[in-house]
Amino acid sequence: MKLFEKFPIAFLLILFGFTFTHSVNAGRTKLKLTDTEYLDSPCLSVLAFHNSYPVGKQGGIEIIQHDRRIATNGNVHVSLVTKSSSNEDNIVTEPIPEITNPERVLDRQNDIIKIPFEDEEHKLQYQLSIKPLEDNNFSINLSFNESIDLSVLDEAYFEIELYPEYYKGKSYISDKNSGVFPFILTSSPPNLKDKADETPLAIGKQLVIAQESPEYKIIFESGNKPIELIDKRGTQAREWFAIRVQADLTKKDKAIELVIKPNCVENWQREPVIAYSQVGYHPQQAKKAIIELDKRVDQLEKARLIKLQDSGQEKVILDKQPEKWGNYYRYTYGIFDFSNVTDDGVYMIEYHGQRTGPFKINSQVYKQGVWQPSLVTFLPVQMCHMRVKDRNRLWHGLCHMDDGLQAPAPLEFYDGYDQGEETETKYEPNTTIPGMNQGGWHDAGDDDVNTGSSGRTTYHLALTYEEFQPEVDQTTIDFANNNVIIHQADGVPDMLQQIEHGVDFLLAQYRASDHSFVGMISKDWETYLQEGQWGHMTDNFFYNPNIPEDSVCGKYSGKFDDRYIFTNKDSRREYEVITFLAASSRVLQEQAPEKARECRSVAEKIWQYEENHEPVFYPSVGTARDLLEQRTNAAVELYLLTEDQKYLDEIVDSKNKVIDKIDKTGWTISRVIDDISDSGFKRAFEKSLKKYQKDLNNKLESNPFGVFQDAHVWGMGWDILWNMYTYYYLVEQYPEIFDPQPLESAVNYVLGAHASSNISFVSGVGSHEPIPAFGMNRSDYSYTPGGLFSGINLIRPDFPELKSDHPYLWQQSEYIVFGATPFIFAVNAVDYLYNQ
């Protein structure tokens, strides 16, 4: 019998080395320089100082193997020998260079990247070179300038950090010793500040990592000094493993010779990603799944929409080839449009052997378990000056009741806080500013309470309640006793109580002073980095220097642990606070009438003062940047509160300025445009809106996700929501100009319709297991339900990334309170647009 008669054709193809794969131009190639100046092959990319955020594990030389960024921060560090006055050697350790994104020098003929560095202060010049070798291998060499005096160097080494979650539980083998990467820190150096005390996990001229895992296997070989494998987590839990090679300081040329041999799986191609809303869709919505593919794919397969039936069977509802969208960053995309499917049900999408999780098509899809966890769990957990309990779990005890101390002036601090030359208040440095121990939310995974952050959170909620009146009540908030119980109703809408909590923090500032503050933050670095129990960060007693440190007297103690309050004034923030208070006043008139009246009074006083004084500027964290934008919105909010025509007159009088910034002012003016009588203003405004709509559409159509993307270090989810939640007002006022689709796309994006994966950015919302996030419980590799992290960020120049198993990349997985609240608004808006 002939061979092809005995065996199926598919078997013969496999037997002779052929396989049925997605249509792709595969092959094993040598690393080549790209137009964007990095080395690339089908399975490997080597970036060379394209990114400049090393503290966030994003910089230096970086390695992407099989579409996973496995290594980062490849750079040289030196120690200089200096002489102290006692003639004893004093070692000063400095990372070199301290400059951002050094200019690459390219040898395109040989695909070599050279990175020259110069430290003028210490007269150091050296160069890193990255050279492709055979079989996707490459070398990294360090050479010093001929004129350098090597005797000034005590030590120089090259270090590159390895992403820990990829290697935990995998092997390392050297010519000296071997072992398995530990899941937890198994030993700490005696002196955590002294690198010399770090004991390597392994040392040798050759180091083989993850030999048993083809997609992670990588070999390091040194031509000079031995390679050290270091566990850097002894200093902080957020640290990674590292490969370190000392320079041979007896030679200037090739003082370090490191060869890196990443394994490349034969004919490897990236698996498709089906990006879709994890929650689902309203029947009348556009429904498009974005199929993200290996850039070498030249022909798309058919995708299937499958409905899960009550019989226990699956039914294929749609079977068609996605429409090719084109290339974006390093991938190619197809769009699977199933908008015509409107029947209620639970569905899944299948493409090239990949299946999504189940999702709903239903008119009530947004009514439960979507935005609600952000209001019901995340915001209560973030509440400062409260004790927060959820059934049997205590999220945190009563915290920061000793807020807070006037920050000394001047004081340059961390995380964007600093105090200027003056305090600008009547309070002496390191004395308590009264009344500041109420309201506000911890901004993020750390414990600071920022006026811009808490104010915007309050504002988003006020707009949401005013527009949609969501009457969710699943939380008991007892302001009198500073107590919160999650999942226990108290008869008051949760959203109104959260607005009241934000207002308490804002009004406290004006009771204590004549202007708003920047915010308050832990006064020492150790407490700021503390992960977890906010209730134990301070002793909750006001600091009194006349009491012994370990003593308590009434409400006071001698422990100098109270947070600092930074108090410099900025007129942009003053106008923004007007918007916070005016919107809140309108929605609190029944729930908290006295606070509503105070909000109005303070807002009007701020306006009166700022309009009659020159603006002052003190840029700081959380402070708005555009005076015109904030003043325009303040005028709108005050008009909606008071119906005083003078506020509209101010907008009309600023006609040219506000129309020139239509992208920032258009949404808010649209809310009062019907009450503006100036026909010339209206015509110019509408004309400008039409141009803005075209410009916006061009931006939205520039990517397959249909969202506003402005890639920078931080993830894009928050920016997309901040830019688009206000778009709702344009849709409502000008439906003939503005289509609701961009707002829907923004919601879908954070729920999974984005690059790199289909993970929902909203913890606990969707059909997948929530990923660990940079929240208060990050050290437990856990999450806070309803928290919204920033999500996909761009590893420049073209690698969108979201690590799904490591909570310490804050630029991807950190929560902030005013990241969740525009999501609350946007989902309510989409629901309203289709169910009104």
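Is threonine 451 buried or exposed? Threonine 451 is buried, because its relative accessible area is 1%; buried means under 20%, exposed over 50% and partly exposed in between, with a 1.4 Å probe and protein chains only.

The model is predicted, so local features need pLDDT of at least 70, side-chain atom pairs count only at pLDDT 80 or more, and totals for chains, interfaces and linings use all residues. Residues are numbered from 1 along each chain as its sequence is written, and side-chain values use heavy atoms, with hydrogens and water left out.

Threonine 451 lies in helix 5, residues 451–468. Helices (H or I, at least four residues) and strands (E, at least two) are DSSP runs, numbered from the N terminus. Beyond its neighbours within four places in sequence, threonine 451 is in contact with residues including Phe505, Leu506, Gln509 and Phe580. Contact means heavy atoms within 4.5 Å.

Next comes helix 6, residues 494–512. Of its 19 residues, 18 are buried.

Now the cavities. A cavity is a set of points, on a 1 Å grid over the protein atoms alone, where a 1.4 Å probe fits but cannot get out. Grid points are joined across faces, edges and corners, and a volume is the space filled by probe spheres set on the points. There are three cavities of 30 Å³ or more.

Definitions and conventions:
On a 1 Å grid over the protein atoms alone, a cavity is a set of points where a 1.4 Å probe fits but cannot get out, and a pocket is an open set with protein on both sides within 12 Å along at least five of seven lines; lining residues have an atom within 4 Å of a point. The expected span of a helix is 1.5 Å times one less than its number of residues.
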